[in-house]
Amino acid sequence: MGYEFKCKDIGMDCGFDVKADSVDELIPVIQVHAKNAHGINEITPELFEKVKSAIKEY
Ligand SMILES: [Zn+2]
């Protein structure tokens, strides 16, 4: 059991996906990816909500 985030679930044309044991572990990985791959330096509250709603348990 864990949590999974797929970039395409927030509407990005991107094949990135990440799995972790907890949401707390997932967020920093997503932040690094957003910065490196998409040039997003700051996750706005709006984007954060979008990211959170795209995180799924598996
Ligand atoms: Zn991406």
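Author: The dialogue below treats the metal site, the sheet, single residues and the salt bridges. This is a predicted model, in which local features need pLDDT of at least 70, side-chain atom pairs count only at pLDDT 80 or more, and totals for chains, interfaces and linings use all residues. Residues are numbered from 1 along each chain as its sequence is written, and side-chain values use heavy atoms, with hydrogens and water left out.

Reader: Which protein atoms are the donors of the zinc ion?

Author: Donors are N, O and S atoms within 2.8 Å of the metal (3.2 Å for Na, K and Ca); water is not among the atoms, so sites may look incomplete. Here the zinc ion has the protein donors C7 (SG), C14 (SG), H33 (NE2) and H38 (NE2), at 2.0 to 2.3 Å. Along the chain these donors follow the spacing C-x6-C-x18-H-x4-H.

Reader: What is the geometry of the site of the zinc ion?

Author: Four donors count as tetrahedral if all angles lie between 85 and 135 degrees; four count as square planar and six as octahedral if opposite donors are over 155 degrees apart and all others between 65 and 115, and anything else is irregular. Ideal angles at a metal are 109.5 degrees for four tetrahedral donors. In this model the four donor atoms of the zinc ion make angles of 102 to 115°, and the site is tetrahedral.

Reader: Which parts of the chain do C7 and H38 tie together?

Author: Helices (H or I, at least four residues) and strands (E, at least two) are DSSP runs, numbered from the N terminus. C7 belongs to the loop between β1 (3–6) and β2 (17–20), and H38 to helix α1 (residues 23–38), so this pair ties together parts that are 31 residues apart in sequence.

Reader: Are C7 and H38 buried or partly exposed?

Author: Buried means under 20% relative accessible area, exposed over 50%, and partly exposed in between (1.4 Å probe, protein chains only). C7 is buried at 3%, while H38 is partly exposed at 28%.

Reader: In what order do the three strands form the sheet?

Author: Two strands pair if DSSP finds at least two bridges between them. The sheet is open, with the order β2-β1-β3 and antiparallel pairing. β2 and β3 stand at the edges with a single partner strand each, so one side of each has no neighbour in the sheet. Four bridges join β1 and β2, with Y3 opposite A20 and K6 opposite D17. Two bridges join β1 and β3 (residues 56–57), where E4 stands opposite K56.

Reader: What is the nearest side chain of opposite charge to E4?

Author: For charge, Lys and Arg count as positive and Asp and Glu as negative; His and the chain ends are not counted. A salt bridge is a side-chain nitrogen of Lys or Arg within 4 Å of a carboxyl oxygen of Asp or Glu. E4 is buried yet has no salt bridge, and the nearest side chain of opposite charge is K19, 4.2 Å away.

Reader: How many salt bridges does a search of the whole structure find?

Author: The search finds two. One joins D9 and K56, with the closest N and O atoms 3.2 Å apart. This pair links distant parts of the chain, since D9 is in the loop between β1 and β2 and K56 in strand β3, 47 residues apart. D9 is partly exposed at 35% relative accessibility, as is K56 at 45%. Another salt bridge joins K52 and E49, with the closest N and O atoms 3.6 Å apart. K52 and E49 are three residues apart in helix α2 (residues 45–54), which means that about one helical turn separates them. K52 is partly exposed at 38% and E49 at 46%.
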